[in-house]
Amino acid sequence: MITPTYLKKGDTVAIVATARKHIDDDLKTTKEFLENWGLKVIVGSSIGLDQNQLAGTDEDRAKDFQQQLDNQNVKAIWCVRGGYGTVRMVDLLDFAQFKIHPKWIVGFSDVTVLHSHLNTMGFQSIHGMMPVNIPRATPEAKESLRKALFGENLSYTIPFDSMNKLGKAKGELVGGNLSILYSLFGSESAIDCTDKILFLEDLDEYLYHIDRMMMNLKRNGCLESLKGIVVGSMTKMKDNDIPWGKNALEIIEDITKTYSIPVVYNFPAGHIPDNRALIFGRQVTLEVTEKGTILNFE
């Protein structure tokens with residue numbers, strides 16, 4: 001997997017909208033945040049556009065993203081927020097210049113579309129907090145993003161969870177939002193699960209939807225080919241009047257229990273303030289023990 005060039009002071013980051021609109025502020029907080037790291041900021045033309053839920057038309061969002069892809073002075077593209085809409089513009093993009101001059105694509109949630117698409121192309125990307133999250137983000141989440149962008153050592157040690165399945169594995173980290181991954185299977189943007197360590201998180205889903213999506217991963221052969229699973233936050237899950245009977249983590253545990261691979265639950269990443277940065281496409285070592293879990297990026 002190809003690693004884009006790490007950032008250094010003086011480099012430029014472009015802020016764009018690939019999905020839901022962002023018109024509530026002038027991104028002053030985002031600019032100050034990045035400038036404190038010694039970086040320059042370009043605000044893309046998609047910021048401030050308003051078409052129903054989306055930041056302008058699909059063509060508007062694609063045009064802005066394309067401009068930042070092709071601008072060699074831009075060293076990273078940071079998606080302002082998620083929601084829905086990235087899948088509507090990804091096929092309008094031309095990655096020809098990106099392949100010559102790769103740069104970091106950063107975000108999570110709906111940005112999983114881009115992470116998965118880039119992974120199929122052979123490029124690493126950063127799953128992490130977005131500008132809309134800055135006010136609520138923990139210091140640890142912010143610092144982990146800085147380390148990922150600047151190429152510093154990235155390693156996490158988290159406490160033991162009684163749901164964990166113990167073991168050790170090494171493989172390429174892939175994944176993101178479960179709903180998005182589920183929607184991409186069968187398309188050219190779908191990840192290959194073979195020998196990978198899969199990260200999963202989700203937000204605002206019915207519990208039976210979680211079961212349905214996990215069953216899809218099982219039936220299409222994804223789960224049986226994995227080396228390990230990292231389960232992040234399953235936030236604001238919903239249930240029907242007649243309960244499903246299991247929470248989101250228990251659903252995942254039930255469907256993955258037959259596989260002889262390590263599984264860690266409640267990893268600090270996803271739709272939570274402590275959303276630690278993950279480098280997708282990077283080789284990692286996952287060690288799940290009774291003393292805790294270590295996820296180390298090579």
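Trainee: How many residues line the largest pocket, and which of them lie nearest its centre?

Mentor: The lining of the largest pocket has 28 residues, and Arg20, Gly83, Ser109, Leu203 and His271 are those nearest its centre. Keep in mind that this is a predicted model, where local features need pLDDT of at least 70 and side-chain atom pairs count only at pLDDT 80 or more, while totals for chains, interfaces and linings use all residues. Residues are numbered from 1 along each chain as its sequence is written, and side-chain values use heavy atoms, with hydrogens and water left out.

Trainee: What do the linings of the largest pocket and of the largest cavity consist of, by class?

Mentor: The classes are nonpolar (Ala, Val, Leu, Ile, Met, Phe, Trp, Tyr, Cys and Pro), charged (Asp, Glu, Lys and Arg) and polar (the others, Gly among them). The pocket lining divides into 10 nonpolar, 10 polar and 8 charged residues, whereas the cavity lining has 7 nonpolar residues, no polar and no charged ones. Those lining the cavity are Val13, Leu34, Ala76, Trp78, Val106, Leu145 and Leu149. For the pocket, H7 and E8 each supply at least two residues of the lining.

Trainee: Why are Cys193 and Cys222 called a disulfide?

Mentor: A disulfide is a pair of cysteine sulfur atoms within 2.5 Å, and the sulfur atoms of Cys193 and Cys222 are 2.1 Å apart, so the pair qualifies. Cys193 is in the loop between helix H7 (178–184) and strand E8 (196–203) and Cys222 in the loop between helix H8 (207–219) and strand E9 (228–235), so the link ties together parts that are 29 residues apart in sequence. The structure holds 1 disulfide, and with -85° about the S-S bond this link is left-handed.

Trainee: How do you know whether Cys193 is buried or exposed?

Mentor: Buried means under 20% relative accessible area, exposed over 50%, and partly exposed in between, with a 1.4 Å probe and protein chains only. Cys193 has 5% relative accessibility and therefore counts as buried, and Cys222, at 2%, counts as buried too.

Trainee: Why is Asn52 called exposed, and what is Asp195 called?

Mentor: Asn52 has a relative accessible area of 65%, which is over 50%, so Asn52 is exposed. Asp195 has 42%, and therefore counts as partly exposed. Neither is a glycine, yet phi is positive in both: near 55° in Asn52 and about 60° in Asp195. Most residues other than glycine have a negative phi. Asn52 is found in the loop between strand E2 (40–43) and helix H2 (58–70), and Asp195 in the loop between H7 and E8.

Trainee: What makes the aromatic pair of Phe33 and Trp37 stacked, tilted or edge-to-face?

Mentor: Rings of Phe, Tyr and Trp (its six-membered ring) pair if their centres lie within 6.5 Å, and planes under 30 degrees apart count as stacked, over 60 as edge-to-face and the rest as tilted. Phe33 and Trp37 are 4.5 Å apart centre to centre with 55° between the planes, so the pair is tilted. The rings of Tyr156 and Phe267, by contrast, have centres 5.7 Å apart and planes at 80°, so that pair is edge-to-face. Tyr156 and Phe267 are both buried.

Conventions:
Helices (H or I, at least four residues) and strands (E, at least two) are DSSP runs, numbered from the N terminus. On a 1 Å grid over the protein atoms alone, a cavity is a set of points where a 1.4 Å probe fits but cannot get out, and a pocket is an open set with protein on both sides within 12 Å along at least five of seven lines; lining residues have an atom within 4 Å of a point.
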